[in-house]
Amino acid sequence: MLSWLYRSLVRPVLFSQDPEFVHNITVKGLQGVSSLGLLSKVMHGVCSSPELPVSLLGLKFPNPIGLAAGMDKAGVAMRAWEAMGFGFSELGAVTWYAQPGNPPPRVFRAVPAEAIVNRMGFNNDGAAAMADRLKRYRDKGCWPSHPVGINLGKSKITELIDAPLDYLRSFTLLRELGDFFVINVSSPNTPNLRKLQDKESLKAIFSRLQAFNNKRGRSPKPILLKIAPDLSDEALEDIVDMIPKLEIAGIVATNTTITRPETENQKVKKVYAQQGGLSGKPLKVRSTEVIEFFYRKTRGMVPIIGVGGIFTAEDAWEKITHGASLLQIFTSLVYGGPLKVKEINMGLKRLMEENGFKMLHEAVGSAIKK
Ligand SMILES: Cc1cc2nc3c(=O)[nH]c(=O)nc-3n(C[C@H](O)[C@H](O)[C@H](O)COP(=O)(O)O)c2cc1C
């Protein structure tokens, strides 16, 4: 009923406005919810997800559905994501230097395709500002109880050769404030960033990060790698090779795509002509292919967070049974509203029962013949 209300009453009003403007006021509103304990409780009462526990990366997740990077770039609405039923959230992307991102307009909805094209370009106020903000939340007792990840990007002004230091600086400041970290070398909106997905660049970045991460006397934080869906099998294979060497704790598959599917719809065509990364329904199949590729090649030994075009419990189930242990959503939240998380988790619970699984991890990779 509430989902229907969102789609038929709220969404038309929101979709009559500029996408980035709507994004900003929504996050602002959720920041308010986050800072008021009572509002968080009310939201939790309406949106709370059923328990579907997952233990992974040395962390306990109350359910497998997480908030994807890019929604809360500044980390201002942490408690609201938990109240919305998410099992974890990924803040950022944050870069070492504060930067404005690309000039607007830079987010476009392709409504008939249930997709978004964006070229935000890592707009954020920098790692130091984020560290201060997160420390304040922690000190005020506003920290959510679910795991919080931080997505690290490269500053636009930093040359590719200096990328390892750029990532290291952000990681050094934020290490104590995140439960896990995601190295983002896959956004299509920072010039040449995706070149950092090659073997030598990954080696240079991860060896710097792990040297700091593994310093004596502290337990290392899981550092995952987020990859593009547009990589060839050879490039994906190269990444598989590097996982144990670079102690990559897991793979986030995938970021947005620079490819565009065929379409006859003129409105969709116009949006697809925009430069940027495409997310939502058209990404679903490719992102699952990449998940399956990694699951097969690593024999299920490496945790995979599946993201890309998850709109329903069936979409989520497909990604889990093809190898993902955790999932994230972004675009379906925009199209489906805040009850999306609960809806997917309830559906997953039903699918588990129907398929005879007691715990979610038993279903991971179950559709793949070994
Ligand atoms: C407006 C927008 C901004 C995004 N910003 C980031 C980002 O800063 N870092 C990142 O790793 N991914 C970012 N993403 C990609 C999402 O995290 C996710 O990988 C992608 O949208 C696919 O999931 P979806 O189909 O559920 O949206 C962004 C996506 C959108 C639509």
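These legends describe an overview and several close-up views of one predicted model.

**Reading the views.** Residues are numbered from 1 along each chain as its sequence is written. Because the model is predicted, local features need pLDDT of at least 70, side-chain atom pairs count only at pLDDT 80 or more, and totals for chains, interfaces and linings use all residues.

Figure 1. Helices (H or I, at least four residues) and strands (E, at least two) are DSSP runs, numbered from the N terminus. The C-alpha trace spans about 50 × 50 × 45 Å along its principal axes. Of the 370 residues, 51% count as buried. Buried means that 20 or more other C-beta atoms lie within 10 Å of a residue's own; exposed means 12 or fewer, and partly exposed is in between, with C-beta atoms placed from the backbone.

**Figure 2. Two cis peptide bonds.** Most peptide bonds are trans. A93 sits in strand β4 (residues 88-94). Another cis bond joins P104 and P105, and its omega is about -5°. P105 belongs to the loop between β4 and β5 (107-110).

**Figure 3. E114, a residue with positive phi.** Most residues other than glycine have a negative phi. E114 is not a glycine, yet its phi is about 50°. The loop between β5 and β6 (115-118) holds E114. Is E114 buried or exposed? E114 counts as buried, because it has 20 C-beta neighbours inside 10 Å.

**Figure 4. N192, in the loop between β8 (180-184) and α7 (199-213).** N192 also has a positive phi, near 70°, and is not a glycine. N192 is exposed, because 10 other C-beta atoms lie within 10 Å.

**Figure 5. P112 and its contacts.** P112 lies in the loop between β5 and β6. P112 counts as exposed, with 12 C-beta neighbours inside 10 Å. Which residues does P112 touch, not counting those up to four places away in sequence? They are N265, K267 and V268. Two residues are in contact if their C-beta atoms, placed from the backbone, lie within 7 Å. P112 and V268 are 156 residues apart along the chain, but their C-alpha atoms are separated by 6.9 Å.
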